[in-house]
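Subject: Structure handover

Hello,

Here is the structure I promised to pass on. Please open it alongside this note.

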Amino acid sequence: QVQLVESGGGLVQAGDSLRLSCGNSGRTFDRYAVGWFRQAPGKEREFVSVIRLSAGSTVYADSVKGRFTISGDNAKNTVYLQMNSLKPEDTAVYFCAARLLGLFDAIPLHRYDYNDWGQGTQVTVSS
């Protein structure tokens with residue numbers, strides 16, 4: 001089991017950058033997919049990005065492609081989401097989630113595919 005804690009959120013202006021961290025105090029991430037999701041007020045929780053740590057494979061939502069970068073540090077058992085060129089529409093609570101993968105499992109892209117979630121961190125981008 002993993003225990004996830006997000007950090008790094010805050011209030012920034014449009015065009016600024018933030019780096020979110022997803023720390024894990026449980027078992028190591030090496031066989032997991034770790035995803036970032038976000039939820040704005042009154043909206044569904046949506047997929048942002050995911051990394052399959054064993055292979056370094058990544059997937060991004062179209063809305064963040066080219067601006068956000070997901071990465072993992074196995075030694076620190078932490079996954080990061082570097083967010084550049086932030087826009088007001090990026091304002092949301094950001095959650096990380098983890099899913100243990102079998103060797104031939106596809107990378108999960110939907111929130112219902114994930115079993116373990118952090119508590120979330122607020123990102124607010126002012127115009």
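Below is what turned up in it, topic by topic.

First, a caution: this is a predicted model.

**The disulfide**

The whole structure was searched, and one disulfide was found. The partners are Cys-22 and Cys-96, with an S to S distance of 2.1 Å. The link between Cys-22 and Cys-96 is right-handed, with 70° about the S-S bond. Cys-22 belongs to strand S3 (residues 18-24) and Cys-96 to strand S9 (residues 92-100). The two cysteines are 74 residues apart, so the pair links distant parts of the chain. As a reminder, a disulfide is a covalent bond between the sulfur atoms of two cysteines.

Are the two ends buried or exposed? Cys-22 has a relative accessible area of 0%, so it counts as buried. Cys-96 is buried too, at 0%.

**The sheet around S3**

Strand S3 also has a place in an open sheet of four strands. The order is S1-S3-S8-S7, and the pairing is antiparallel. Which strands stand at the edges? They are S1 (4-7) and S7 (68-73). Each has a single partner strand, so one side of each has no neighbour in the sheet. On average, neighbouring strands here are turned by 15° against each other, direction ignored.

Take S1 and S3 in detail. They pair in the antiparallel sense over four bridges. Glu-6 has Cys-22 in S3 as its bridge partner.

Thr-78 sits in strand S8 (residues 78-83). Its relative accessibility is 11%, so Thr-78 counts as buried; the cut-off is under 20%. What does the side chain of Thr-78 reach? It reaches the backbone oxygen of Lys-76, at 2.9 Å. Leaving out residues up to four places away in sequence, Thr-78 touches several others. Among them are Cys-22, Phe-29 and Asp-73.

Asn-77 is in the loop between S7 and S8. Asn-77 is not a glycine, yet its phi is positive, at about 55°. For context, most residues other than glycine have a negative phi. Asn-77 counts as buried, at 10% relative accessibility.

Ser-85 is another non-glycine residue with a positive phi, near 50°. Ser-85 lies in the loop between S8 and S9. At 40% relative accessibility, Ser-85 is partly exposed.

**Salt bridges**

How many salt bridges does the structure hold? There are five. Side chains of opposite charge can pair when their charged atoms come close. Three of these pairs are described here.

- Glu-44 and Arg-111 meet through their side chains at 2.6 Å, N to O. Glu-44 is in the loop between strand S4 (32-39) and strand S5 (46-52), and Arg-111 is in the loop between S9 and S10. The pair therefore ties together parts that are 67 residues apart in sequence. Glu-44 is exposed, at 57%. Arg-111 is partly exposed, at 24%.
- Asp-90 and Arg-67 meet at 2.7 Å, N to O. Asp-90 lies in the loop between S8 and S9, and Arg-67 in the loop between strand S6 (57-60) and S7. They are 23 residues apart in sequence, so this bridge also ties separate parts together. Both ends are buried: Asp-90 has 1% relative accessibility, and Arg-67 has 11%.
- Asp-62 and Lys-65 form a salt bridge, with their closest N and O atoms 3.1 Å apart. Asp-62 is exposed, at 65% relative accessibility.

Arg-67 and Asp-90 also belong to a network of salt bridges, together with Arg-38 and Glu-46.

**An exposed loop residue**

Last, look at Asn-115. Asn-115 is in the loop between S9 and strand S10 (116-117). Its relative accessible area is 59%, so Asn-115 is exposed. Apart from neighbours within four places in sequence, Asn-115 is in contact with Ala-98 and Arg-99. Asn-115 and Tyr-32 are 83 residues apart along the chain, and their C-alpha atoms are separated by 11 Å.

Best wishes

Conventions. Residues are numbered from 1 along each chain as its sequence is written. This is a predicted model: local features need pLDDT of at least 70, side-chain atom pairs count only at pLDDT 80 or more; totals for chains, interfaces and linings use all residues. Side-chain values use heavy atoms; hydrogens and water are left out. A disulfide is a pair of cysteine sulfur atoms within 2.5 Å. Buried means under 20% relative accessible area, exposed over 50%, partly exposed in between (1.4 Å probe, protein chains only). A polar contact is a pair of N or O atoms within 3.5 Å; within protein, one must be able to donate a hydrogen and the other to accept it, and residues adjacent in sequence count only if both atoms are side-chain atoms. Contact means heavy atoms within 4.5 Å. Two strands pair if DSSP finds at least two bridges between them. Axes are lines fitted to C-alpha atoms, for helices over the stretch in contact, and angles run from 0 to 180 degrees between N-to-C directions. A salt bridge is a side-chain nitrogen of Lys or Arg within 4 Å of a carboxyl oxygen of Asp or Glu.
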